Structures are given as C-alpha cells and as structure tokens.
Amino acid sequence: MKVSIVGATGYSGLELFRLLSTHREVEIAGLYSQSFKGENIGELYPYMQKIYNGDLRGFHAEKIMATSDCVFLATPSGVSKEIANPFIQANFPVIDLSGDFRLKNPKTYEKWYQKSAPKSEWLQQATYGLADLSPHYASHLIANPGCYATATLLGLAPLIQNDWVQPDSVIVDAKSGLSGAGKMNTKATHYVEANENMSVYKVNQHQHIPEVMQQLKIWNKKMQPIQFSTSLIPVTRGIMATIYAKPNKKITQQELFELYEFYYEKMAFIRVQPKNCFPDLRQVVGSNYCDIGLTYNEETGMIMIVSVIDNLLKGAAGQAVQNMNLFYQFNQSEGLRLSPVYL
Ligand SMILES: NC(=O)C1=CN([C@@H]2O[C@H](COP(=O)(O)OP(=O)(O)OC[C@H]3O[C@@H](n4cnc5c(N)ncnc54)[C@H](OP(=O)(O)O)[C@@H]3O)[C@@H](O)[C@H]2O)C=CC1
Ligand SMILES: CC(=O)N[C@@H](CCC(=O)OP(=O)(O)O)C(=O)O
C-alpha cells in the first residue's frame with residue numbers, strides 16, 4: 001500500500017516517516033512540505049542522508065491521490081481542515097493528526113480553537129481514533145487523538161466505563177516535553193526559558209479539555225466537567241498525566257488493581273504496572289506504549305492514576321500508524337514493535 005505524508009518536515013511528520021519506512025505493508029509514495037518544496041530532505045536534515053533520497057514536494061491533493069492509497073496530515077490545526085477538503089470529497093482515506101476533526105460539535109471547535117469549524121457533516125463522519133479502545137471506523141476520515149487526551153483517556157477508561165467515580169471529582173495534572181509544541185520555537189519552548197524550569201500553560205483553556213469531555217460523556221453520561229491542567233517540563237519527549245478521582249463506592253486497592261489488569265490484559269500497547277509501581281517517562285519514550293500505575297489512598301479516599309506516553313508516538317505518529325493498521329486490517333503492531341529507548 002502506498003502512503004503520503006503532508007507536513008513531513010515537522011516533528012510528527014518525521015516520526016511518521018520513521019515508522020512507515022520499516023512498515024512491511026507500506027511504501028512511502030511522497031513526502032510533502034510547503035516551506036521546503038523541491039528541497040532534498042537529506043540536505044535539510046543530514047540525519048536523513050542515505051535513508052530517503054526523494055525531494056520534498058509541494059502540496060498537491062490530486063498528485064497524492066493519484067500516487068497513494070492513504071494520506072497522513074501532520075499539519076497544524078486550522079491547516080488540516082483546509083487541505084483535507086479534496087480528499088474528503090473524493091472519499092480518499094485521511095488520517096489527520098491535528099485537532100480539526102476530533103470534536104463533533106462545530107461550536108465547541110470554534111470556542112476552543114478560535115477558528116471557523118470544518119463542515120459539520122465531516123465532523124460527524126470522522127472517526128475519533130483512540131486506537132487501543134477499538135474505534136469503529138465509520139468513514140475514510142480518521143481524527144487521531146491529541147497527546148494529552150490520549151494519556152488521560154487511557155488512564156481513565158476503566159474507571160469511567162465501569163462507573164466507579166463520583167462524576168464531578170476528576171482532576172488531571174498533565175506535563176509534557178517540549179516536542180509536544182512542534183518545531184516552531186516560541187518563548188515558552190526556548191531553551192533558556194524551559195531548561196531547569198517548569199511552567200503551567202493554557203490554564204482552563206486547553207483544547208484537549210473538550211476532547212476528553214466528549215469521550216468521557218460517550219462512556220458515561222453522568223460525567224461532569226473535569227479540572228485539567230497542562231505544564232511544560234524540560235525534556236524532549238514524554239507526557240505524564242497524573243489523574244485523581246473519588247470513587248462512588250467503597251473500594252480497595254486490590255479491586256482497583258484488578259479492574260485495570262482485567263481491562264487492559266489483552267491490549268498490546270497498554271501496560272498496567274505492578275502493584276505500588278509508578279511509571280516514569282523513560283520507560284515509554286521511543287515506543288508506542290502507554291504505561292499506567294495506580295493506587296487508592298484509604299486516608300484521603302482518593303484514587304490516583306499515573307499514565308505516561310511518548311507524545312510523538314502513542315500521542316501522535318504511533319497512534320496514527322496503529323489507526324492505519326486497524327483500518328486496513330493489518331497486524332495492529334506492524335511498524336510499531338519499538339522497545340523504549342530508556343537510557
Ligand atoms: N508534537 C506532538 O507531540 C503532537 C502533535 N500533534 C498534532 O500533529 C500536528 C503536527 O504537529 P507537529 O509535528 O508537532 O508540528 P510541527 O510544527 O513540528 O510541524 C508541522 C508541519 O506542518 C506543516 N505546515 C504548516 N503549515 C502548513 C500549510 N499551510 N500547508 C502545508 N503544511 C503546513 C509544516 O510544514 P513545512 O514547514 O514543511 O511547510 C510542518 O512540517 C499538529 O496538528 C499537532 O497539533 C498531535 C499530538 C501530539
Ligand atoms: C507542549 C505543547 O505545547 N503541547 C501541545 C499539544 C499538542 C497537541 O496534541 O495538540 P493538538 O490538539 O493541536 O493536536 C499543546 O499543549 O497545545
């Protein structure tokens with residue numbers, strides 16, 4: 001099968017290339033970039049020399065559709081919804097990494113993204129591809145989930161689906177490495193600002209709040225708004241979401257552990273940690289795993305879940321490839337059998 005990547009010079013685009021170039025079912029038909037069209041990727045990124053010899057191409061939907069079977073859009077929100085148009089109209093498979101097609105309600109999109117919404121019917125037909133939880137691919141348009149949303153939803157799924165928590169008690173404190181902000185340097189991601197520092201940002205305004213809420217409400221209608229905060233930490237990759245919730249019944253640590261063990265037992269990329277062990281970032285960085293640690297504090301009556309992912313893999317390119325694998329009924333692990341780098 002032939003695939004093209006738009007936004008190939010960005011962090012997620014480069015990761016998509018890395019995964020897809022070893023994928024046994026896939027051949028890369030073209031890498032597309034607006035700013036660097038016509039340039040040789042090995043000259044732009046010397047680490048790519050002798051790995052990919054083709055030049056970067058300027059975006060051209062018809063050419064992509066003529067030369068490939070599926071396109072990945074690793075472009076910013078607001079850009080994806082424009083360049084996706086010809087593909088959606090032609091019913092051509094699109095896997096979009098941006099936030100443009102994740103929300104069902106156009107007004108919600110406009111409120112949180114401060115941009116005009118994509119066509120409502122396209123939002124309705126897009127599949128929210130939380131790949132580990134068996135999405136039903138209803139159309140050729142797949143909206144790859146956001147990085148914080150992925151860590152949070154995988155951390156919460158067993159509790160919310162099984163109705164274990166007080167619906168207004170969920171608090172998420174999430175931290176991300178700097179690659180989550182993409183390749184454009186900003187004041188917040190400048191080395192001098194970020195190094196040996198930690199800063200909270202987008203307080204009560206993060207675009208993943210409605211994304212998480214939309215999915216939690218599908219799982220459990222009773223869910224109330226969550227308190228959700230995001231912080232930058234001085235690492236390149238990785239997200240840690242620390243999640244707190246109050247149970248709505250008497251529970252024990254053992255029951256909580258069994259709930260998660262049973263729920264995730266058969267899921268290849270979710271690893272529930274042994275009792276009293278909490279995951280660190282390194283144990284997932286470089287891989288498509290989501291590792292989850294949990295505890296119940298009998299003194300405070302609080303559940304605490306720690307969910308970690310690599311934002312560029314499970315949070316972006318890895319999950320996008322997993323969605324492609326599931327959509328085309330390839331082995332879901334193809335191209336994703338990556339051990340964490342760890343050291
Ligand atoms: N980084 C992360 O951890 C995550 C990112 N995402 C999402 O994935 C998408 C890509 O993110 P990321 O890789 O970090 O971003 P980057 O900023 O690193 O890269 C974005 C890419 O988009 C391309 N681009 C920008 N404007 C246009 C345009 N008008 N037409 C065509 N291409 C354009 C750029 O292309 P060029 O300069 O080559 O023209 C660049 O290669 C975003 O929507 C982001 O929100 C989702 C989850 C996690
Ligand atoms: C560290 C950092 O800045 N992270 C980005 C998340 C990237 C992402 O997943 O955002 P989309 O929803 O646009 O795809 C942010 O907080 O906006």
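Start at Cys-147, which sits in helix H8, the run covering residues 147–161. Keep in mind as you look around that this is a predicted model. The UniProt record, an unreviewed entry, carries an "active site" annotation on Cys-147. Is this residue buried or exposed? Cys-147 counts 28 other C-beta atoms within 10 Å, and the cut-off for buried is 20 or more, so it is buried. Leaving aside residues up to four places away in sequence, Cys-147 touches Ser-176, Gly-180, Ile-239, Asn-311, Gly-315 and Ala-316.

Now zoom out a bit. The chain splits into domain 1, made of 2–145 plus 314–327, and domain 2, spanning 148–311. Their C-alpha centres are 25 Å apart. Where they meet, domain 1 puts in 20 residues and domain 2 puts in 24. On the domain 1 side, helices H6 (106–113) and H12 (313–327) each provide at least two of the touching residues, and H12 has the largest share, with six.

Next, find ligand 2. Cys-147 turns up again among the residues around it, along with Ser-77, Ser-98, Gly-99, Gly-146, Ser-176, Gly-180, Ala-181, Gln-207, His-208, Thr-230 and Leu-232. The shell holds nine polar and three nonpolar residues, with no charged ones. So where does ligand 2 lie relative to the domains? Domain 1 and domain 2 both give residues to its shell, so ligand 2 lies between them.

Note on methods
Residues numbered from 1 in each chain as written. Chains lettered and ligands numbered in written order. Predicted model: local features only at pLDDT ≥ 70, side-chain atom pairs only at ≥ 80, totals over all residues. Domains from an automatic or database assignment. Contact = placed C-beta atoms within 7 Å. Helix = DSSP H or I, 4+ residues; strand = E, 2+ residues; numbered from the N terminus. Near = placed C-beta within 6 Å. Nonpolar A, V, L, I, M, F, W, Y, C, P; charged D, E, K, R; others polar. UniProt positions renumbered as here; feature names shortened; annotations may be inferred. Buried ≥ 20, exposed ≤ 12 C-beta atoms within 10 Å, placed from the backbone.
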